[in-house]
Structure formats: C-alpha cells, structure tokens
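Dear colleague,

Please find the structure below, followed by a short account of what was found in it.

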Amino acid sequence: MILKRCQQLNPERIKENNSVKENYLGQDMYVPASSSFIATSLVIALILNFLPLQGDLLIARPDFVAFAIAYWNINHPHKLGMSVAFGMGLMVDVGNAGILGQHALAYCVIFYLTQIFGRRLRLFSLLKQAPQIGFFLLIMQIVFALVALSSGSTLPGWKYFHATIAGALLWAPASFVIALLLKPKPDSSSL
Amino acid sequence: METAPQFFRNGPGPFARLFIFAILSCLLIAEDTRFKYFPQLRQIISVIILPLQRIAYIPSDIYDQVEKFSASFNLLEENIKLRQLYLDRREQLLRLEALEAENTHLRRLLGAVQQIETTAKTKVVLAEIQYTPRDPFNHKITLNKGSYHDIELGQAVIDDKGIVGQITQLYPWSSEVTLLTDKDHAVPIQVVRNGLRSIVSGTGKNNELELRYLSVNTDIQQGDLLVTSGIGGVYPPGIPVATVLKIEQDPAGDFALVTSAPIAGVNRNRQVLVLSLAQVESNDSQEMPTIESGTN
C-alpha cells in the first residue's frame, strides 16, 4: 500500500508542490486593510468606471469595480459582504445606462467565485493568478451577454471580450501597487 | 450566564447568499425591462452617484478648457468664416420664408387644411453630450441637461445634420438619449423623392438602420433621403433621418431588405439640440387652422 503511494508521488510533482509552497511562504504577510482604505478603493474604482471614454478604448476598459471586489475578496476575505457587491452593481448599472440589475448579478457571481476560490488563488504568484482572474471576468462578461440576449439584443463582436483581457493584464501590476500601499511604514522610533 | 463569543460566522453559506442575490437581481432585471414599477429607484441611485460622475468628468473638463484656450487664438478667422456662413444661410432662409408664404397661399387657393406649424412653436435647448455609457448592447448617450433645464421625456434630439434620437430617461441634471440605431427605436419617416411613408427602425448595430415590411415592388432607390414624416408627434416633420444604402429584393421573400445609414453622427460633434414639441402648444396650433379653414 505504502509502496503504491510512493510510486504515485513522482519527483516532478513534488518539486512543483515545493515551489508553490516556497512561493506561498515567501509572500509578504498581509497587513489587514482598514475598512476606510477598502471603501476609498471602491469609490475610486467607481470613478474609474465612470470615466468618459470613447470608441475602442471604452469597450476595452477593464471593469475596475469587479476588479476591486475580486481583489479584496481574495486577499482580505470577510471584509466585504455580498450586499456591497450588489449595491455597487446597481450604481454601475445606473451610470452605464444599462438594464438595472445586470451588473449587480455579475458582481455577486464574481464575489461568490472569489470567495470559493480565493484561498486557492493565493497559493499562486500574481502572474499565475492573472489568467484565473481573467476566467472570472470572462464569466462576468458572459452573464452580461446572457442578460442582454434575454432582452432581445444581438451579440456584439469579439471586441466585447477585450475588457476581459485588459482586466487580466492589469491584475498583476495593480495588485502589486495595492500591496505596496498597504505595507506598514517602518517605525523610525523603534529599535 | 454569559454566552461565549462566537468563533465562526453564522448565517447562510456563500452559495445560499449568491442564490438570494441572484434572484433579487433577476427580479430587478425583469422589473426594469418589462414592468417598470419603480422608476424612482433609478432616480435615487443617480443622485447618489452624481458626485462620483462629476469627479470622473474633471479630466475631460480640463481638456476642454485647454482646447478652448488654444482655439481662442484663431477666433478672428473663425468669426469671419461664421459670418460668411451666416450670410449664406440668411439668403436661404429668406427664400424659405418666401416659399412658405407662397405655399400657404396656394394651399388656401386649394382649400386644403393648413399644415400644423410646429416648426415655429418648437423650443430648443442646447445640450452637450456628456459621455457614451459602456454598454455594447444598448445605443445610448448621456446629455448634460436634465429635468432641471426643462427637458422632458420623449423629446427629439438633433444635431446639425439630422435626428440623433429621443430622450428616454430623465434625471435632474442629466438625461439619457436612445439613439436611432438602438434596437428598440423606430422613427416614422417619409421618402423625399416620392412621399412614401414608412417606419425606420434601429438594428442594434452601429450606423445601420432598417426599413421593415416594405414589399418587394416598393418604389425605393439607393441614395434616397428619408426625412421624418411628423406622424406620431414625437419628431417634427421634415428633418433628415437616413439615406438608403442597400436594397435586397429577393423575389422569393415577401419583403425587401432595405438598409440605410443614419445621417447624424454622435461621434462628430459634442453639441446637440433638444427640440420640445410641447403638447399644449401643438394642440393650440391644431385648433387655429381648423377655425380658419371653417371661415374660408
């Protein structure tokens, strides 16, 4: 029995597991973010979502609010509630002049996914997290498309998914910057 | 007896929460697309997000100011150009007035009922396009004037070339315009060449309108100009809407597939005019001619 299990553990997998473990242990410890910091970041995300852009830039703009919700839910679970995601969704819906409730639904789905997979995601480095975040954002875009289809719209072209790619590309740099902002400043009076 | 502090959060699990909120969202979506019981909800949320939107517009406002400043250097040139244009248009306007007088005279000779003079009664509000909301499924724009500036639901929005759309959502300081190209939007039109009346509808695609249910042998040609017919009372008559792009007359089908392109462009200029065809005024003007035609 034991022999069998030893055979199953092939050396490459052990190495891979070790690298993940080292990666995880090598991460900086997360400083608990204050509620005001989280609230400010959500407000900034809303403002970024309302920026008046035009044309292709508008279509390719990542959804900053979804991004913020995913970030806080992965890195600081239990700080946000699903009702916050729902409320933010309603605000984005009114700002976007879309169907009321579609962003609320999509953000709740993002919230759920990040809550379920958040701990697992934190095992990976930021660069490896990016495609997985992209997958969540893709699910969100699909939710929008389904809501629109149900009300009789036709699908837009492939450009529609540029926002997903932009969001995935933004993940690593933005998370890095937020982590930098959260780092405690060294206390000069201490030894 | 003291109760021990809770170590774990109680309450519904993640999936149960998602289920509750998903049902709530679906109800909201159904309410918004079909029933529209609480239009106030949108108004309340719009007031909450207004300051955030204002902050988001600051960069573009600054850009506008800088542009205005740099444009002020060739103001003199522009002034001369505009004066020239004004004189040109003035001449056309004089001719139009003469034609109008002649037209009413001829109509009186014929004993026909005078046309409703809506064009003289329209009130015009100049508004600026604030931004294009990001929703690839809807074709809408937001204007910077709202109910506070005497804008009402259902008013027509035009630019210097033709019809842009119609006001469909009203907030105190802003309003939403549904563009001609929106899939739920239709305009009663008339073909200038032969007076054929029809309805042009949006397709949900950019720069594409559709003339539905025209039979295969309808007299319509490529390049025909379509103007508003004034039927329905939303749009004043005679404003350009679209030009016919392509006609596919499939003899097997019942209807011809007529595609047309809107004349007005949203991405060309930022200023638009909101026309108000006030109900009371149009009723007045409707009564006037009937009395006159009775005496004639």
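The contact between the chains takes 37 residues from chain A and 38 residues from chain B, where two residues are in contact if their C-beta atoms, placed from the backbone, lie within 7 Å. This is a predicted model, in which local features need pLDDT of at least 70 and side-chain atom pairs count only at pLDDT 80 or more, while totals for chains, interfaces and linings use all residues. Residues are numbered from 1 along each chain as its sequence is written, and chains are lettered from A and ligands numbered from 1 in the order in which they are written.

On the side of chain A that touches chain B, at least two residues each come from α3, α4 (55-60), α6, α7 (102-121) and α8 (126-150). That side divides into 25 nonpolar, 11 polar and 1 charged residues (Ala, Val, Leu, Ile, Met, Phe, Trp, Tyr, Cys and Pro count as nonpolar, Asp, Glu, Lys and Arg as charged, and the others, Gly among them, as polar).

Chain A has 9 helices and 0 strands; these are DSSP runs, numbered from the N terminus (helices H or I, at least four residues; strands E, at least two).

Of the 191 residues in chain A, 32% are buried, meaning that 20 or more other C-beta atoms lie within 10 Å of the residue's own, with C-beta atoms placed from the backbone. Among contacts in chain A between residues at least 6 apart in sequence, those joining residues at least 24 apart make up 69%.

Yours sincerely

Notes
Buried ≥ 20, exposed ≤ 12 C-beta atoms within 10 Å, placed from the backbone.
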